[in-house]
Amino acid sequence: MTLVEKLPEPWFLVVKPPCEVATAAIFQDAELTRNSPLSTIRDFLAGDASNDCEPVVRARYPAVRDLLDWLSGLAPARLTGTGGCVFAACADEAEAARVISSLTPGDARRLLTAFAAAGAD
């Protein structure tokens with residue numbers, strides 16, 4: 001057995017837009033892709049997997065689309081399942097706090113709820 005150095009654990013930023021996404025409606029939507037190849041957690045962690053629900057949620061929920069677009073400008077952003085929360089991995093707690101602090105009270109993003117949490121192995 002070889003001892004492996006502990007890998008850095010990212011911090012995750014989770015942001016909830018000011019809307020609710022109806023999961024049943026997403027799964028019933030005719031535009032939902034239903035024949036994607038299987039992917040693994042390894043694929044997901046490597047950034048090689050996509051969320052088939054995201055295009056449907058983007059089309060039906062402008063607030064989620066705008067949040068994904070905005071957060072993607074700061075860190076790679078993903079949809080949580082069918083949404084509506086969006087998350088991004090940050091290098092550390094300071095980076096997550098910086099992104100949260102950019103949710104300035106003077107604009108539409110003030111309606112968002114956000115928190116950061118340490119990843120766990």
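Predicted model: local features only at pLDDT ≥ 70, side-chain atom pairs only at ≥ 80, totals over all residues.
Trainee: Which strand pairs with β1 over six bridges?
Mentor: β1 (11-16) pairs with β3 in the antiparallel sense, over five bridges. In that pair, Trp11 has Cys90 of β3 as its bridge partner. Lys16 is bridged to Thr113, a residue of β4. The six bridges, again antiparallel, join β1 to β4 (residues 113-118).

Trainee: Which element gives the largest share of the largest nonpolar core?
Mentor: This core has 25 residues, and those with the most contacts inside it are Ile26, Val57, Tyr61, Val64, Leu71 and Val86. Two or more residues come from each of β1, α3 (53-60), α4 (62-72), β2, β3 (86-90) and α5 (93-101). The largest share is five residues, and the element that gives it is α4.

Trainee: Which residues is Ile26 in contact with, leaving aside neighbours within four places in sequence?
Mentor: Ile26 is one of the residues with the most contacts inside the largest nonpolar core. Contact here means heavy atoms within 4.5 Å. With the sequence neighbours left aside, the residues are Val21, Leu32, Cys53, Val56, Val57, Tyr61 and Thr82.

Trainee: What percentage of contacts between residues at least 6 apart in sequence join residues at least 24 apart?
Mentor: The protein has 121 residues, of which 29% count as buried. Among its contacts between residues at least 6 apart, the share that joins residues at least 24 apart is 66%.

Trainee: Which element gives the most residues to the lining of the largest pocket?
Mentor: The pocket holds about 340 Å³ of space. Its lining has 15 residues, and the closest to the centre are Ser39, Ala49, Ser50, Asn51 and Asp52. At least two lining residues come from each of α2 (41-45) and β2 (77-79). The most, three residues, come from β2.

Notes
Residues numbered from 1 in each chain as written. Heavy atoms only, no water. 1 Å grid on protein atoms, 1.4 Å probe; cavity = no way out; pocket = protein on both sides within 12 Å on 5 of 7 lines; lining within 4 Å. Points joined across faces, edges and corners; volume = space filled by probe spheres on them. Helix = DSSP H or I, 4+ residues; strand = E, 2+ residues; numbered from the N terminus. Core = buried A, V, L, I, M, F, W, Y, C linked by side-chain atoms within 4.5 Å. Buried < 20%, exposed > 50% of the residue type's maximum accessible area, 1.4 Å probe, protein only. Pairing = 2+ DSSP bridges.
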